[in-house]
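Here is a briefing on one protein model.

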Amino acid sequence: MLFVPKNVQRQLAIRTQAVVFGELAAGVELNGRVIADPGAGGRVQATEAGSVLATQRGFPRLGQKVRRGETLAWLRPSVAALERGDRLAQRAELDAQAAIAERRVARLEQLEGSVPAKEVEAARLELQALKQRRAAIAAGLDAAQPLTAPVDGTIARIEVVAGEVVDAKALLFEIVDPSRLAVEALAYDTALGAEIVGAEGLAGSTVLRLQPDGAAAQLREQALPLRFRIVGAAPRLAVGEPVRVTVRTRSKGRGVALPVAALARDAAGRRIVWVHHDAERFEPRPVRHEPLGAERIAVRDGLAAGERVVVEGAGLLSQIR
């Protein structure tokens, strides 16, 4: 039993709440993290090996807003010395063939009227095909490929610097839409996904309103991934930020809803609440509780109806000796 004078209670801002039992949903606490919405995020990867070049406006910056189709950088494909030599030889051969075809077209045009028109047209088409083949080889030899943003959003990750030589499929940039983030949590009970009726999350001190958005059909690390959509205006979050997710299930039980601040620890490390016995006396009471939300708990056992429980300042009472 703890004796606390009234003036000390006012200094500690002690507040109490009457115990009222009711039917409360069963809650389960899960570890989650913030992820980018798959429909609003994207990655820019190298389609082939090459060196990354900056655009005229420079290299992208973290946090920079980009539009879909905007060129972020250029990729100049890497060509082996032997392959480059073969392409140069092909280009030289096509140059010679094109020069011969041009002279042939010129001769046939001078003889137009005395030679069939289809022969002149065939010579022109052959010359055009040779020029197109030469242009294709030249483009594959020297031209750089644009690396464009697949979606609107903000650059959240940069894995390359200007001039770096990268392999095919290397991740270069990652783009997310900060206004369209989601939360993923792992459940070790595979039946939990079908029982969820509501959820809340706590990222640091920020409370998130969550809505179930599907469950995977395949285990990952012996757990079932659950996806939640953030309802309402999304606060400023970072992809990968840890989130403590509390889900409410269909099953219900008798209990008392209290704020999380009502919980404290005694000298043995047990979870307790402080019961206000009379004007200046408080009793530590071990309780059995479950999470009910990001900021509430459901006390299932350890309290009686009508008792008053400290809901503000419980941690300060535990420090009094």
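Is E221 buried or exposed? E221 is exposed, with a relative accessible area of 63%. Here buried means under 20% relative accessible area, exposed means over 50%, and partly exposed is in between (1.4 Å probe, protein chains only).

This is a predicted model; local features need pLDDT of at least 70, side-chain atom pairs count only at pLDDT 80 or more, and totals for chains, interfaces and linings use all residues. Residues are numbered from 1 along each chain as its sequence is written, and side-chain values use heavy atoms, with hydrogens and water left out.

**Backbone in the loops**

- Most residues other than glycine have a negative phi.
- E221 is not a glycine, yet has a positive phi of about 55 degrees.
- E221 sits in the loop between β14 (206–215) and β15 (224–230). Strands (E, at least two residues) and helices (H or I, at least four) are DSSP runs, numbered from the N terminus.
- K169 is not a glycine either, and has a positive phi of about 75 degrees.
- The loop between β10 (165–166) and β11 holds K169.
- K169 is exposed, at a relative accessible area of 69%.
- R68 is found in the loop between β6 and β7. R68 is exposed, with a relative accessible area of 66%.
- R68 and G153 are 85 residues apart along the chain. Their C-alpha atoms are separated by 8.1 Å.

**Salt bridges**

- The structure holds 17 salt bridges. A salt bridge is a side-chain nitrogen of Lys or Arg within 4 Å of a carboxyl oxygen of Asp or Glu.
- One of them joins the side chains of E184 and R33 (3.4 Å, N to O). E184 lies in strand β12 (residues 181–187) and R33 in strand β3 (residues 22–36), so the pair ties together parts that are 151 residues apart in sequence.
- E184 counts as buried, at 8% relative accessibility. R33 is partly exposed, with a relative accessible area of 37%.
- R33 and E184 also belong to a network of salt bridges that links them with R220 and R227.
- R57 forms a salt bridge with E70, and the closest N and O atoms are 3.5 Å apart. This pair links distant parts of the chain, with R57 in the loop between β5 and β6 and E70 in the loop between β6 and β7 (71–77), 13 residues apart.
- R57 counts as exposed at 67% relative accessibility, whereas E70 counts as buried at 16%.
- E126 and R104 meet through their side chains in a salt bridge (4.0 Å, N to O). E126 is in helix α3 (residues 117–142) and R104 in helix α2 (residues 81–110), so the pair ties together parts that are 22 residues apart in sequence.
- E126 counts as partly exposed at 44% relative accessibility. R104 is partly exposed too, with a relative accessible area of 32%.

**Aromatic rings**

- The count comes to one aromatic pair. Rings of Phe, Tyr and Trp (its six-membered ring) pair if their centres lie within 6.5 Å; planes under 30 degrees apart count as stacked, over 60 as edge-to-face and the rest as tilted.
- The ring centres of F59 and F173 are 5.8 Å apart and the planes are at 55 degrees, so the pair is tilted.
- F59 lies in the loop between β5 (50–53) and β6 (65–66) and F173 in strand β11 (residues 171–176), so the pair ties together parts that are 114 residues apart in sequence.
- F173 counts as buried, at 0% relative accessibility. F59 is partly exposed, with a relative accessible area of 22%.
- R254 lies over the face of F21, at 3.9 Å from the ring centre. A charge sits over a ring if NZ of Lys or CZ of Arg is within 6 Å of the ring centre and within 35 degrees of the ring normal.

**Largest pocket**

- The largest pocket has a volume of about 290 Å³. A pocket is an open set of points on a 1 Å grid over the protein atoms alone, where a 1.4 Å probe fits, with protein on both sides within 12 Å along at least five of seven lines; lining residues have an atom within 4 Å of a point. The volume is the space filled by probe spheres set on the points, which are joined across faces, edges and corners.
- Its lining includes G63, T154, I155, A156, R236 and V239.
- Strand β9 (residues 153–158) gives the largest share of the lining, three residues.
- The lining residues divide into eight nonpolar, two polar and one charged. Ala, Val, Leu, Ile, Met, Phe, Trp, Tyr, Cys and Pro count as nonpolar, Asp, Glu, Lys and Arg as charged, and the others, Gly among them, as polar.
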